[in-house]
Amino acid sequence: MDPRSEGTIRRHHIGQSLINKAIKVAVKKLGIAKKVSAHTFRHSFATHLLQRGTDIRTIQALLGHNDLETTMIYTHVLNQGGQGVTSPLDDLGL
């Protein structure tokens, strides 16, 4: 119930600061020394998609980036060189 509108029942969104506070508490309980926020999970999500071979344009759309250059920032963490590329022949199962 929304106390500001005579008890109207509505769905409320949780603000990012509340999420970040909960993450901060969890990180402290786990003894993780690095700074972690909700935005950290966004970076992790994009990086893992790239590692799994998801197309960069798909990741751009999912993250809501207007400019592909913004999405390309995530590619630096892969640093796999030629080892990250599989041959199309490998997919034939020969």
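Tutor: A contact here means that heavy atoms lie within 4.5 Å. The model under discussion is predicted, so local features require pLDDT of at least 70 and side-chain atom pairs pLDDT 80 or more, while totals for chains, interfaces and linings use all residues. Residues are numbered from 1 along each chain as its sequence is written, and side-chain values use heavy atoms, with hydrogens and water left out.

Student: Among contacts between residues at least 6 apart in sequence, what percentage join residues at least 24 apart?

Tutor: The reference set holds the contacts in the protein between residues at least 6 apart in sequence. The share that joins residues at least 24 apart is 19%.

Student: What pattern does the secondary structure follow along the sequence?

Tutor: Helices (H or I, at least four residues) and strands (E, at least two) are DSSP runs, numbered from the N terminus. The protein has four helices and zero strands. Read along the sequence, the pattern is α-α-α-α.

Student: Which residue follows helix 1?

Tutor: The residue after helix 1 has a positive phi, near 75°. That residue is Gly31.

Student: What accessible area do Ile14, Leu18 and Ile19 have together?

Tutor: These residues form a nonpolar patch on the surface, and Leu18 lies in helix 1. A patch is made of residues with over 30% relative accessible area and no salt bridge, with like charges joined within 9 Å and nonpolar side chains (Val, Leu, Ile, Met, Phe, Trp, Tyr) within 5 Å; a salt bridge is a side-chain nitrogen of Lys or Arg within 4 Å of a carboxyl oxygen of Asp or Glu. Areas come from the Shrake-Rupley method with a 1.4 Å probe, and for residues only the protein chains shown count as cover. Together, Ile14, Leu18 and Ile19 have about 280 Å².

Student: Why is Leu50 classed as buried?

Tutor: Buried means under 20% relative accessible area, exposed over 50%, and partly exposed in between (1.4 Å probe, protein chains only). Leu50 belongs to helix 2, and its C-alpha atom is 7.3 Å from that of Thr75, 25 residues away along the chain. Leu50 counts as buried because its relative accessible area is 12%.

Student: Is His48 buried or partly exposed?

Tutor: His48 is in helix 2, with its C-alpha atom 9.7 Å from that of Tyr74, 26 residues away in sequence. The relative accessibility of His48 is 45%, so the class is partly exposed.

Student: What is the relative accessible area of Thr71?

Tutor: Thr71 is found in helix 4 (residues 68–72). Leaving aside residues up to four places away in sequence, Thr71 touches Ile56, Ile59, Gln60 and His65. Thr71 is buried, with a relative accessible area of 0%.
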